[in-house]
Amino acid sequence: MRNFILRRAASSAIVLVLSVVTVFLSIRILPGDPVLLKYGAQTGATPAALDALRESAGLNHPMLVQLMIWLGGVVRGDFGTSFISQLPVSELVGQRIPATLELTFFIVIIASILSVLLVLIAIRKPGSATDRFIGYVTSIGFSTPSFIIGIILVYIFALRWHILPSQGFKPMDLGVVQNMKLMILPAFTGAMVVSPYLIKYLRTSILETRVSSYVRTAKGKGLSSSAVLFRHILPNSIVPTLTMLGMIVGFALGGVFVIEYMFAVPGIGSLAIESASARDYSVLQGVSVVVIAFFIITTFVFDLVCGFVDPRQRVLQVKSR
Amino acid sequence: MSDVLRVENLTVTVPSFEGAVAAVNDISFTIPTGTKVALVGESGSGKSLTAFSIMRLVDHPVKIQTGNIWLGNREISSLTDKEFRTIRGAEIAMIYQDPMSTLNPIMRVGRQIIESIQLYSNVSTKAAKIRALELLNDVGILEPEKSLNSYPFEMSGGMLQRSVIAMALSGSPKLLIADEATTALDVTTQARVLDLIDKLAVERNLSVLLITHDLGVAAQFADEVMVMYDGRIVEKGSVRQIFTRPMHPYTRALLDSRCDDTVDYSQPIKSIPGQPPRPALRDDKCSFASRCSFVQENCLSSTPTLIKYGDTSAACFHSEKIISTSEVF
Amino acid sequence: MTFEALKQMKRMKANLRGSASLILLLGTLAIFLLANVLSPYGPNEIGVGDHFAPPSGAHLFGTDNLGRDLLSRILFGGRITVLIALGATSIALILGSAWGILAGIRGGWIDEFLMRTADALMAVPLILFALFCISALGSSVASLILVAGILLSPSTARMARSAVKAELASPYVVSAVASGFSKVRLVWNEVMVNIAPQLLVQISINAASAVMLEATLSFVGFGLQPPNASLGTLILQGYAQIYNSIWFVLFPVITVMMTILVFNNYGEQLRLSLDSKRSSS
C-alpha cells in the first residue's frame, strides 16, 4: 500500500513541476511588457525610467534565471509581488482561496448526488423513454458552456422568479444562510456543467457491471435487487468512475473561473480573469500554480481512494502509457 | 420420501435470427433426495439454461414459457419473485464455472460468505464470522482465517471454488446445482473438488445436480445421468445403465467417441458425423436423425418422446434394437 | 418480427442518424459561411429598426441596443466563430497528429518526453492558459485561432499516439516492417488511412471545444472588440441588457448551443459507428 502511494505521489509531483514550469515559460515567451503597459502612459516614462522599473521587478534577467528566482521563491512561499497593486501575490491569492474551495466543494457534492440519482432512474429500464430522455438532456449539457448554463439559471431563478440573488458572495463567518443563498446558483451551475460527464460514465459502468458473472452470483444467493445494486453493482461501477471524478474536478476548475466571474464570487478564478485583464503576470503565475497544484493533488487523492476501494489497483502495475 | 426436485414440462425460449426458439424444449425430470444427478450434453444443448431457469436467473429476452417445478412437496414455479427469493440460495444453491469471475472482485471472500450466512439466518456478524470459518474448514481450506480476509484475486482457482461451495452451503440447502463447476479447474483440482462435493453431499444428505459436458466427470461422480440433446432429454437412467447399456443413439455415439484406455487405437476415432442441430430448423422429426447410425424412416416423420424401459428412459423409437446390437461397454 | 429484420432496422436507423447529423453539420457551416449572402442587413448597420425590438417580420430575431438587426449580427458572428473553430481545429489536427504520431513511431524517451509534456499542458485548465495567452497577444481572430489550436492539440496528440501504437502492433504492420518496409512510409501510406476515422472524431470534438472556448473567452471580455462580434461577444452584450430584452441574449445563446451540439453530435455518431464496426468485424 505504501509503495502504491509513493509511486503515485512521485508521478504527481513530476507533472506538477512540469506544468508550473510550462506556465512560467509561456508567460515569459509571450509578447507584452507589463511594465510598459502599466506605466508607459504616465509622465516621466522615459525608456530609462521604464528600464529601471523592469530591473527592480527582475524582468531584465535571462529567462532561466527568472525562472530559478521565481521557483526559489515559490518553494519558500514567496510568489512575488503584484505588478499592479504591489501587494504580495501570496496574500492576494490566499484571500481568495476559501471562496473557490467552498464553491468547488458544493459543485462536486451537488453533481455527485444529482448524477447518481439520475443514473439510477435511467437504468431502471435501459433504452426506455426515461433513459433516452435523460440521455438527450445530458447531450445538451455536454454542449452547453458553463456561462450559458449560468445565464439560464439566473434568468429563471433571479430575474423571473426573484427567489435567488443573481450575484455576490458573503463569507461564512458573516452569516451561513446568506452565504448559502448566494452559493446556490453558482454551485448548481457548476454542478450542471460537470454532471453530464459523471452521468454518462457512471451509466456505462453500471450497465457493464450489471451483466457480469458475480452479479448473477449475488442474485443467485437470494439477495434482493436493492442489495445487489448497492453492495455489488454500484461499488464496482464507481471504481472506474472515481478516476473520472478526479478529472472532472479538473474540468470543474476550468468552469469555475467563468462561474466565479459571472456570479462575482471572489475566488481565485475571478482573480485570474481580473489579473489577466490587467496584464498582472505575477499574480497570474501565482494563481496558475495554485490551480494546477489543486488539480494534481485532487487527481492524486482520487487515485488513492481508487486504490483503497479496488484492491487490484494496488497490486497491478498497469501503466496505461 | 419425496423427491427433492421435480420438473415438469419446462420450456424456455431465447431470441434468435428466426424468432424465439425453445432452447429448453419441454423437459421433465426428478431428482430424488440424497441423489447426485449429472446433466450432460454439448454446448448449446440447453443444460445450463435449465439450471438457470430452475433458479429463475433468466432475464428478458430469455423467457420461461411453461414449466411446473416442485421443491419437495412445495410448488415453487407459481411463487412470486419476492417469495421465490427466500428459496434461492437458502434451499437451492448454485455454483458456477469460473470462481474468479463469479465472485465480487473488490470484496473480501469472507465478507461475501458472511453476507450469505446473514441472509439466511439472523445472526450477528461475529457469529456469522465463526460460522464462515467453520464452513471454510468443512470445505477443506487449511488456513480459513487467511482466506476469510483475502480478495478473490489473491486465491487460487481450487481454493476459490471451495470457498464458493462454502458460501453455497451456508444456508443448508437441500439441492446444490453445480454448473460446470469444475470445468475451469485443472484435472487434479477438479478431482479434489468433486470429492469434496461428494463428501458434503453424503454428510448433509444434499442432492446435487451437476451440469457438465465431461462424460468422465459424470461417470465418476453421479448416481444418475440425464443426457440432453437439442433442448430435450434424450436419455436418463442410473449411471451404470447409461454407461454400460446406453439406449439412445446419441449416448451411444458419445461413448463410442471417447478416447481412453479401452479404445482400440488402430481404428479411426469414431466421431459423430454432421453438425449440432439448429433449434430454428426443428421439425416434426427426431433432431438426431441426420447424424444417427440407426436411423429409420419413422425417425423423420415424428418426434420421439421419452419411453420408459424399466428404470431408464430414452427418446428413441428403436432403443430395443440398439440394446440388442450393442456390445456392453 | 424476426431477429434479422430487427438488426436491419437498427442498422438503417443508425445510418439515418449518422447522415442526419452530417447534414445538420454541413448545413450549419453553410449557413454561417454564407452569412453575407443570407443576412438581410449588414451586421453593423445601426438604426435599421427600433432598439430592442422583439422578433418581427422585418427582423426575425429582433434588434439589439443600437438598433442593429440581430439575425444579421448572429449570422456574421457565427461566421467568425466558425472560422475560428475551423482554424483552431486545423492547427490542433496538424500539430496534434504530428506530435502523437511522432511519439508513437519513435517510442522510447522521445515518446515519454512528448507525452509528459502533453500531460503537463492538459493539467492546466484551458481557460487559464487561454487567458494569459490572449492577454499577451491581444484578442484578434488570429490569436484566438492560434491559442485555441495549440491548447487543443495535446488531447489530439494523445489520441493520435494511441491510435498509431495500436496500428503498429497489428499484424499487417509488423509483417511489413519485418519485410523491410520503412516505418515512416508505412505510417504515411497505410496507417494514416486507418486512423483517419478516429482523427475525424477528434476533429469534431475539437471543433466543439473550440467554439466553447471562444465563446467563454469572449464572454469574460477576451474576445473580439466591438463593433466586430463573435457569438460569444453577442451573448456578453445580450446578458448585459437582459433586463431590457430577453431576445438579445436568447438567440445568440441558442445559436451557440446548437452549433456546439451539431459538432458534438456528429463526432458522437462517428464514434458510435466506429465502435460498432470494430465490435462486429
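**Strand 9 of chain B and its neighbours**

Guide: Leu39(B) has Met226(B), in strand 9 of chain B, as its bridge partner. This is a predicted model.

Visitor: What makes strand 3 and strand 9 of chain B a pair?
Guide: Two strands pair if there are at least two bridges between them. Strand 3 (residues 36-40) and strand 9 of chain B have 4 bridges, in the parallel sense. They therefore count as a pair.

Visitor: Which strand does strand 9 of chain B pair with in the antiparallel sense?
Guide: That is strand 10 (residues 232-238) of chain B, over 6 bridges. One bridge there joins Met226(B) to Lys236(B) of strand 10. Strands 9 and 10 of chain B form a hairpin with 2 residues between them. In the turn, Asp230(B) has a positive phi of about 50°.

Visitor: Why is strand 9 of chain B called largely enclosed?
Guide: A residue is buried if 20 or more other C-beta atoms lie within 10 Å of its own. In strand 9 (residues 224-229) of chain B, 6 of the 6 residues are buried, so the strand is largely enclosed by the rest of the structure.

Visitor: Which residues of strand 9 of chain B point one way, and which the other?
Guide: Glu224(B), Met226(B) and Met228(B) point one way, while Val225(B), Val227(B) and Tyr229(B) point the other way; all are buried. In a regular strand, side chains alternate between the two faces of the sheet.

**An open sheet in chain B**

Visitor: What makes strand 2 and strand 5 of chain B edge strands?
Guide: The open sheet has 4 strands in the order 2-1-4-5, with antiparallel pairing. Strand 2 (19-31) and strand 5 (74-75) of chain B each pair on one side only, and they are the edge strands.

Visitor: How do you know that strand 1 and strand 4 of chain B pair?
Guide: The requirement is at least two bridges. Strand 1 (residues 5-16) and strand 4 (residues 63-71) of chain B have 7 bridges, in the antiparallel sense. The pair therefore meets the requirement. Within strand 4 of chain B, Ile64(B) is the residue opposite Val12(B).

**Two helices in chain B**

Visitor: Why are helix 6 and helix 7 of chain B called roughly parallel?
Guide: Angles under 35 degrees count as roughly parallel. The axes of helix 6 (residues 157-169) and helix 7 (residues 187-204) of chain B cross at roughly 20° and come within 10 Å. That makes the two helices roughly parallel. Their crossing is right-handed.

Visitor: Which residues of helix 6 and helix 7 of chain B meet?
Guide: From helix 6 of chain B they include Gln161(B), Ile165(B) and Leu169(B), and from helix 7 of chain B they include Val193(B), Leu196(B) and Leu200(B). By class, this contact has 6 nonpolar, 4 polar and 2 charged residues.

**Chain A**

Visitor: How many helices and strands does chain A have?
Guide: Chain A has 13 helices and 0 strands. Of its 321 residues, 40% count as buried.

Visitor: How do you know that helix 11 and helix 12 of chain A are roughly antiparallel?
Guide: The cut-off is an angle over 145 degrees. Helix 11 (residues 268-277) and helix 12 (residues 281-309) of chain A pack at about 150°, with axes 9 Å apart. They are therefore roughly antiparallel to each other. Among the residues making the contact are Leu271(A) and Ser275(A) of helix 11, and Val287(A) and Val291(A) of helix 12. The contact has 9 nonpolar, 1 polar and no charged residues.

Visitor: Why is helix 9 of chain A called largely enclosed?
Guide: In helix 9 (residues 213-220) of chain A, 6 of the 8 residues are buried, so the helix is largely enclosed by the rest of the structure. Tyr214(A), Arg216(A) and Lys219(A) are among the buried ones. Gly222(A) follows helix 9 of chain A and has a positive phi near 100°.

**Where chain C touches chain A**

Visitor: How many residues does the contact between chain C and chain A take from each?
Guide: The contact takes 33 residues from chain C and 37 from chain A. On the side of chain C that touches chain A, helix 5 (126-137) of chain C gives the most, with 9 residues. That side of chain C divides into 27 nonpolar, 4 polar and 2 charged residues.

Note on methods. Residues numbered from 1 in each chain as written. Chains lettered and ligands numbered in written order. Predicted model: local features only at pLDDT ≥ 70, side-chain atom pairs only at ≥ 80, totals over all residues. Axes fitted to C-alpha atoms, helices over the stretch in contact; angles between N-to-C directions. Parallel < 35°, antiparallel > 145°, perpendicular 65-115°, else oblique. Contact = placed C-beta atoms within 7 Å. Nonpolar A, V, L, I, M, F, W, Y, C, P; charged D, E, K, R; others polar. Buried ≥ 20, exposed ≤ 12 C-beta atoms within 10 Å, placed from the backbone. Left-handed = near helix turned anticlockwise from the far one by under 90°.
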